[in-house]
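Have a look at the structure first, then try each task before you read on.

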Amino acid sequence: MAAGTALRAGPAPSGGGPASPSAGKTRRRLTGTTLAALGLAALVLSIAVAITIGPADVAVGDVVAIVGQHLGFGHADVTRIRDGIVWDLRLPRTLLAAVCGAGLAICGAIMQSLLRNPLADPFVLGISSGASTGAVLIVVLGVGGGIVGLSGGAFIGAVLAFAVVLLLAAGAGSTPDRVVLAGVAATQLFSALTSFIVTSSADAEQTRGVLFWLLGSLAGAGWNDVVLCGFVCLVGLVVCLAVAPALDAFAFGEDAAASLGIPVRWIRLLLLVVTALITATLVSAAGAIGFVGLVLPHAARAVVGPGHRRLLPTTALIGAIFLVWVDTVARTAFDPQELPVGVVTALVGVPAFAVILYRRKGPA
Amino acid sequence: MRRVVHLALGLQDRMVGTATWTDRIRPNLAPSHGENRDDESGDGPRTKPLRLSTIQTEVRQLAQIFDVRAKGEALAADLQRRLEQVRADNAARDPKEISIASWFANTESPYVAGCCGSSGIISRAAGVRNVFADTQDEFPQVSWETMLDRDPTVLVLGDLQRKSQTGDKLADKIRFLETDPVTKRLTAVRKKRYVILNGADMNPSIRTVDGAEKVSAGIRRLGLVR
């Protein structure tokens, strides 16, 4: 906790953020633009390279031709099968990985700032355990009569769990620590409910099916998922950027923020609801992909410092690039078999994070 | 458990494999176990292909336990005769002509039959090539990309009477295959070349032979064999 507060509120060596002196502002802004351009270029390049990699051997030239044809340029001389592999499997899956990575990383960054807790992540307010309860109710008990699918159940469960957290937190005074505690309570409650349902009525096969899904997998990604999640994340990012200056003020404590004329309660409620909706949407599409939302915001702070106007886009870019590559490993490493992406996020991400932590050591 | 008792009774020559659930084999029994090592796990990788003789042995063991040996022998012989019939019907053809993939369950990332379980017996007898014969797990979980890439001539679909994953029931499988923008590009889907098996046909059991008969009849019904 103390280290995290220092991370945000302490003087940032790389500059940036609204509190820094104005000297050299132009140079920094230029650096910021260059950084954003480089980041975007890296993301586009990552997606482009990722869709040329896969168990099926499709030539790079064919991949380019297929994408070009769908975008209205030229004609691809390939079979329907190859076309489907690139346009309906690899591209939507890679784009969904980018969207999930960006969305989860943004939600993590906001949760960490809002709750003033470096250990906060998008799931800290009970969303993933609520989603698992919802999913288990659908799969094991057949609630919903086939009308509400697995992802619908997960979304409803996630939103319900979040509502429970808000109610608990409101009753307890809504300070950041109370919100975190309410989240812990709701997480425990819904995990217990899930375990209860599983132990009392599921068979091993059902449990395995639900668990695989909960570990996070982008295997079922289609264009409709990309459009829905992409839209939700984009709107969420715009809203968060709009209140970014207020979010910076939160770093100095809620009293200080209030004395700067910021409507603390409303901003906090707005951000909690927005991040909860983003997370619930992503979890219902791809399961609870861990690690991204916890660790990548810290990596982004190491690059651009704590100011949210720069932190949020950077976090989004790093999250997107990271998950694109992680999912590429998950779907190709054990060809023709698949790995749950959540397993790979931790295996690839923890060593990377260790390097960041090590490089940032110093007075905390 | 039954098999551990067999080892203790010195019946290892009558066993084709062992399965232990939580522990390694008891040290004093390990030598007998080592003499005939063909570990069968329910769902993990197989080191050796399953053979009909394994199933026949289990039939005979059960018949012996319940003291109906004659019936056991008759059933084992009947399984043998029926499988031989399927093999004879399909022996003249090159197995490379017709390729299959056996889809067990799950729509997101399908579980398909690997090389060496029940599906191996079925493929060898019916003279077809399993496109996932390069995997040793009983039911490896693969990606649709690989399925599209290997584009089998025929899809063998399991009609599972359970509801624990997506695409268990036959109707769910066919609805998914024919509406999903990816899977409807498969040759077998466009030409509706399906052969339907029960879950038990796809798992090692006396119904493995039913599976072989159904696949053999199926490729004829689909007009793939003259």
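**Exercise 1. Find what share of the contacts in chain B with a separation of 6 or more comes from residues 24 or more positions apart.**

Solution. This is a predicted model, and the values below are computed from it. Take the contacts in chain B with a separation of 6 or more; residues 24 or more positions apart account for 65% of them. Of its 226 residues, 45% are buried.

**Exercise 2. Work out which strands pair with β1(B), and in which sense.**

Solution. Start with strand β1 of chain B, which covers residues 99-105. Seven of its seven residues are buried, so β1(B) is mostly covered.

Step 1: go to β3(B), residues 129-130. Two bridges join this strand to β1(B), and the two run parallel. Here Ile100(B) has Asn130(B) as its bridge partner.

Step 2: go to β4(B), residues 154-159. Four bridges link β4(B) with β1(B), again in parallel. Look for Ser102(B), which stands opposite Val156(B).

Step 3: go to β2(B), residues 111-112. The pairing with β1(B) is antiparallel and has two bridges. Trp103(B) stands opposite Val112(B). Five residues lie between the strands of this hairpin, and Asn106(B) takes a positive phi near 75°.

**Exercise 3. Is Asp137(B) buried or exposed?**

Solution. First locate Asp137(B): this residue is in the loop between β3 and α6 (144-150) of chain B. Then apply the cut-off: a residue is buried if 20 or more other C-beta atoms lie within 10 Å of its own. Asp137(B) has 21 C-beta neighbours inside 10 Å, so Asp137(B) counts as buried. For a sense of distance, turn to Glu213(B): it is 76 residues from Asp137(B) in sequence, and their C-alpha atoms are 23 Å apart in space.

**Exercise 4. Check the span of helix α12 of chain A against what its residues should give.**

Solution. Helix α12(A) has 23 residues, 264-286. At 1.5 Å a residue, they should span 33 Å. The end C-alpha atoms are 32 Å apart, which agrees. Just after the helix, Gly287(A) takes a positive phi of about 80°.

**Exercise 5. Which residues have the most contacts inside the largest nonpolar core?**

Solution. The largest nonpolar core has 156 residues, and those with the most contacts inside it are Leu96(A), Cys100(A), Ile127(A) and Ala158(A). Helix α4 of chain A, residues 80-114, gives the most to this core, with 19 residues. To see one of these spots up close, leave aside the neighbours of Ala158(A) within four places in sequence; its contacts are then Ile127(A), Gly130(A), Ala131(A), Gly134(A), Ala280(A) and Val283(A).

**Exercise 6. How many residues does each chain bring to the contact between chains A and B?**

Solution. Chain A brings 21 residues and chain B brings 19. On the chain B side, these divide into seven nonpolar, seven polar and five charged residues.

Definitions and conventions:
Residues are numbered from 1 along each chain as its sequence is written. Chains are lettered from A and ligands numbered from 1 in the order in which they are written. This is a predicted model: local features need pLDDT of at least 70, side-chain atom pairs count only at pLDDT 80 or more; totals for chains, interfaces and linings use all residues. Two residues are in contact if their C-beta atoms, placed from the backbone, lie within 7 Å. Ala, Val, Leu, Ile, Met, Phe, Trp, Tyr, Cys and Pro count as nonpolar, Asp, Glu, Lys and Arg as charged, and the others, Gly among them, as polar. The expected span of a helix is 1.5 Å times one less than its number of residues. A nonpolar core is a set of buried Ala, Val, Leu, Ile, Met, Phe, Trp, Tyr and Cys residues joined through C-beta atoms within 7 Å. A residue is buried if 20 or more other C-beta atoms lie within 10 Å of its own, exposed if 12 or fewer, and partly exposed in between; C-beta atoms are placed from the backbone. Two strands pair if DSSP finds at least two bridges between them.
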